[in-house]
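Colleague: I have not looked at this one before. Can you walk me through it?
Modeller: Here it is.

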Amino acid sequence: MPVKKKKPMAEKVKPVAKKKAVSSVDTAAAQKKVKLYQPVRGMKDILPKDDWYWSKIVDVAKNITRAYGYRYSEPPVLESASLFVKSLGKGTDVVDKEMYVFDDREGEKLALRPEFTAGVARSYISNGLLNNAQPVKMWMLGPLFRHDRPQAGRYRQFHQFDCEVIGEKDPVIDAELIVMAYNVIRDLGITPEVHINSIGTIEDRQNYTIELVGYLKSKRSYLSEESKKRILKNPLRVLDSKEEQDQEVIAEAPQIIDWLSAESKDFFMKVIEYLDELQIPYVLKPTLVRGLDYYSDTVFEIYSEQMIEGSQTALGGGGRYDGLLEQLGAREATPASGFALGVERIMLAMKELDQQAQGGPIKRDTIQNKIFFAQLGAQARRRSLFLIEQLRRVGIMVGSSLSKSSLKGQLEIANKQGSTHSIILGQKEVQDGTLIIRDMSSGVQEIIDQKRLEKHLRKLLEE
Ligand code: AMP
């Protein structure tokens, strides 16, 4: 039948296959009367199909943090809920609407961390990191939790790559953090666009806020309902509004930059000079405020230049938080600065770019082996196990599928892994102490002594 013969395109086959699999699992579950669990709403499984992207982000993060002298460090997923309320502030969406808060078995009010900064600040104080060489440069990558409305790029469990520098105040620290965030994004193939602003000291902000509230009240009738609510609750956040209706009011609002103290202005100018020195492009955004209570002076966000037209969502952001540690009980003034990039958002941007470049979704796989080791028969399998392990010990990685017995099946896997050569070990070769090396494209085979395997492979790997 022509319909059967026709080979549909890969991406068209997928949903059909998926549906079938689910329905057969459903039926099986129904027959066994077993409840079939789904992930909790807004939670997302990390799946093998995304290994390539995930590993690449982690590798780049590791390389860059090492190059800039950061050490891995991570606070726990659970903290006292009040730590976040005190740090991020009441009136912020994260605290008022999105935190997962619950009483544990001892009745203590705990929260799943919605961000890293507050936990890192707490960790610096409770572990006495003040006694370490300053500043302390830390990086981390892990899950965060916010009970937000789930949609593409917004989940209730998501991951951030985060860098924090605690213990010194210098514009060069902020510039270096921005460069790091920029480099991570650029090394992942995305063209970064940095937005930057300064929100000054807490006093600068208080003075500015009085002016802003006066202005917003005078324009109240033009604002969206959400922004109206924010005028008293968190007026700076109105400047962040994406509502079309609010844009004219925002464009004419007083700008925080005009309210900065001479010291904050000078600090900001230096951050910018350093960025110029490093030839890092940036866009000055007078309305960028990042709405959490702990921020002061430098604030920045980073976007994908390629996606900026279509979506308003940042890949990450950060800024200085000079007052937070003292507020949390640090013995003396402990200035700090940091940023966080969203792993899932970066992954979406990478996939989007791949798709744009290829004209469709592309499959990227981490499991690629230039050499594949195939075996045939029980004795050969045992010997292969030994030989593969020996190769691993000397740093030679080969692909294998030792649970498979058919040679054809194994060579198909070798092809999928992009192997140029396969080693084949059968009963006869075990007895002779030899191996067959097969060129996967020509099919030409040669026999070598097992003792020469390492040397032979090194030569092939160099080619
Ligand atoms: P924020 O601290 O809210 O500025 O978040 C920093 C970055 O984390 C954002 O730019 C996103 O990339 C990512 N992010 C924040 N919230 C979510 C979420 N609910 N789901 C996925 N990624 C998020």
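**Rings, sheet and ligand**

Modeller: Lys 44 sits over the face of Tyr 155, 5.3 Å from the ring centre. Keep in mind that this is a predicted model.

Colleague: Which residue lies over the face of Phe 267?
Modeller: Lys 169 does, at 5.0 Å from the ring centre.

Colleague: And how many aromatic pairs does the structure hold?
Modeller: Seven. Ring pairs join Tyr 72, Trp 139, Phe 161, Phe 300 and Phe 339 into a cluster.

Colleague: Back to Tyr 155. Which residues are around the ligand?
Modeller: Tyr 155 is one of them.

Colleague: How much of the ligand's accessible area does the protein cover?
Modeller: On its own the ligand has 480 Å² of accessible area, and the protein covers 87% of that.

Colleague: You mentioned Gly 316. Which strand is it in?
Modeller: Gly 316 is in β10, where Ile 302 stands opposite it. Strands β9 (residues 296–304) and β10 (residues 316–320) pair in the antiparallel sense, over five bridges.

Colleague: What holds strands together in general?
Modeller: Strands of a sheet pair through backbone hydrogen bonds, parallel or antiparallel.

Colleague: OK, and the whole sheet: what is the strand order?
Modeller: It is an open sheet of eight strands with mixed pairing, in the order β1-β5-β6-β11-β10-β9-β7-β8. The edge strands are β1 (71–72) and β8 (282–284), each of which pairs on one side only.

Colleague: Changing topic, where is the cis peptide bond?
Modeller: It joins Gln 134 and Pro 135, with omega about -5°. Pro 135 is placed in the loop between α6 (117–126) and β5 (136–145).

Colleague: Last one: what is phi of Gln 279?
Modeller: Phi is near 55° there, a positive value in a residue other than glycine. Gln 279 is found in the loop between α11 (262–277) and β8.

Conventions: Residues numbered from 1 in each chain as written. Predicted model: local features only at pLDDT ≥ 70, side-chain atom pairs only at ≥ 80, totals over all residues. Heavy atoms only, no water. Pairing = 2+ DSSP bridges. Helix = DSSP H or I, 4+ residues; strand = E, 2+ residues; numbered from the N terminus. Near = heavy atom within 4 Å. Areas by Shrake-Rupley, 256 points an atom, 1.4 Å probe, with all protein chains shown as cover. Phe/Tyr/Trp six-rings, centres within 6.5 Å; stacked < 30°, edge-to-face > 60°. Lys NZ or Arg CZ within 6 Å of the ring centre and 35° of its normal.
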